[in-house]
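Hi there,

Here is the structure I promised to pass on to you. Have a look at it first, and then read my notes below.

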Amino acid sequence: MSNAEFSTESADERELTTTRGYAVLRNRDFRFYLSGRLIALIGQQMLGMAVLWEVNNRTHSSIYLGLIGLTQAVPMFLFTLPAGHVADNYSRKRIIMLMTFIAAGSSLGLAVVSAFQAPIIWMYVCLFIFATTRTFMAAASASFLPSLVERKDLSRAVNWSAMTFQLSSILGPTAAGALIGMPGWTHHRPAIVYAFNVLAALIFCGLVTQVRHHRVIAIKEKLTFKTLLTGFRFVFANKIVVRIITLDMLAVLFGGATALLPVYAEKILMVGPIGLGFLMAALPMGAVLCTFILAHRPPLQKAGRAMLWAVAAFGVATIGFGLSHWFWLSFLMLFICGAVDNVSVVVRHTLVQLLTPDDKRGRVSAVNNLFIGTSNELGEFESGFVAQLFGETMGHARSTGAVISVVSGGIGTVLVVIAVAIFWPEIRKYGRLDA
């Protein structure tokens with residue numbers, strides 16, 4: 001992004017902007033929630049990296065890696081609408097805590113399966129349960145955040161909340177890679193990682209109990225087909241919201257290559273589990289850098305144009321990663337992907353929350369999570385399927401299939417941006433993010 005995307009300001013205005021960017025962190029409830037979220041996400045990121053490594057190590061199959069994403073996408077399709085309804089009609093704080101406890105139980109199940117080398121099908125069962133809890137928690141958490149801060153601080157709160165996810169994505173995979181790469185206890189090292197996530201979840205629950213916010217629900221709506229569709233009706237009635245969500249969804253669907261990182265680490269870059277941890281950390285490292293840049297600048301003045309350029313850069317960097325055979329170049333391309341992706345995350349989340357009434361935030365957040373979450377998981381499945389199709393099944397090396405999958409996905413992302421810029425000009429012309 002260029003400085004043209006931001007407003008021109010004096011030195012005093014820049015200082016005031018910076019002060020406002022950090023002022024939201026003085027909010028007690030927001031601090032407790034943010035700290036707990038960071039700890040919980042570190043544990044989840046450690047778990048995600050360990051699952052990828054263990055499945056790859058036990059099956060040596062790209063399709064099994066892709067199935068990890070599919071297994072986690074199915075609960076989003078099944079439970080997203082009920083999750084939104086529950087978030088709007090019950091205590092969001094209690095929903096977050098209950099789902100965290102159940103997620104801890106599924107992590108404990110993964111630890112047992114891994115320690116005893118049980119059939120791998122049980123790993124997918126545990127992942128299905130984990131993804132179900134994440135579906136309910138995502139709707140509750142997204143709609144819980146706006147109630148902790150003032151409306152004028154929401155975009156900055158979203159920025160810091162996104163930063164906790166990205167920071168956890170740096171620390172989690174790196175820590176998991178270091179644990180898995182340690183000598184000794186070869187078959188038990190992933191189980192130790194899963195146990196760490198259990199502890200992180202319990203700490204998160206303890207910190208959330210310290211949040212004093214109490215939401216009063218005036219009238220509880222009955223669970224009907226009509227109330228379930230409230231979120232969809234609201235989203236599709238707002239043209240700019242639905243099209244920005246669609247742009248982000250398609251970009252992630254085509255451009256997601258994270259499921260194939262174990263193949264790149266093992267077959268192409270040959271860097272082992274520690275190198276895999278660094279590759280997985282590259283994207284969030286770029287996003288964290290972008291978080292601090294946004295915190296020190298005023299809200300985007302040409303948010304639509306900035307988002308289009310960011311998604312296009314994501315596609316180009318994905319192509320660069322797919323073609324690279326040098327570790328540090330691959331790391332740089334993933335770093336760029338993470339930095340530019342953070343722009344679209346902040347734009348999308350801020351608009352969705354600002355334009356939605358509180359009594360509908362759970363259902364609208366659920367729809368948003370359905371679009372983006374399933375595209376993440378299905379994108380991983382698509383990457384694994386294409387890699388398998390053009391790899392082993394067509395007589396090529398497994399690494400060749402992975403390269404074809406990643407590069408074609410990056411090209412698809414760039415083509416999506418071009419089509420959106422032409423056919424949906426209102427996105428290109430969208431102005432201030434805080435308007």
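**What I found**

The protein exposes about 18100 Å², and carbon and sulfur atoms supply 69% of that area (accessible areas come from the Shrake-Rupley method with a 1.4 Å probe; for residues, only the protein chains shown count as cover). Please keep in mind that this is a predicted model, where local features need pLDDT of at least 70 and side-chain atom pairs count only at pLDDT 80 or more, while totals for chains, interfaces and linings use all residues. Residues are numbered from 1 along each chain as its sequence is written, and side-chain values use heavy atoms, leaving out hydrogens and water.

The protein has 17 helices and zero strands (DSSP runs, numbered from the N terminus: H or I of at least four residues for helices, E of at least two for strands). Of its 435 residues, 56% are buried (buried means under 20% relative accessible area, exposed over 50%, partly exposed in between). Among contacts (heavy atoms within 4.5 Å) between residues at least 6 apart in sequence, 87% join residues at least 24 apart.

Asn342 is found in helix α14 (residues 327-354), and Asn342 is buried because its relative accessible area is 0%. Leaving aside residues up to four places away in sequence, Asn342 touches Asn159, Ala162, Gln166, Ala287, Cys290, Thr291 and Leu294.

Lys302 has 35% relative accessibility, so Lys302 counts as partly exposed.

Enjoy exploring!

Methods
Buried < 20%, exposed > 50% of the residue type's maximum accessible area, 1.4 Å probe, protein only.
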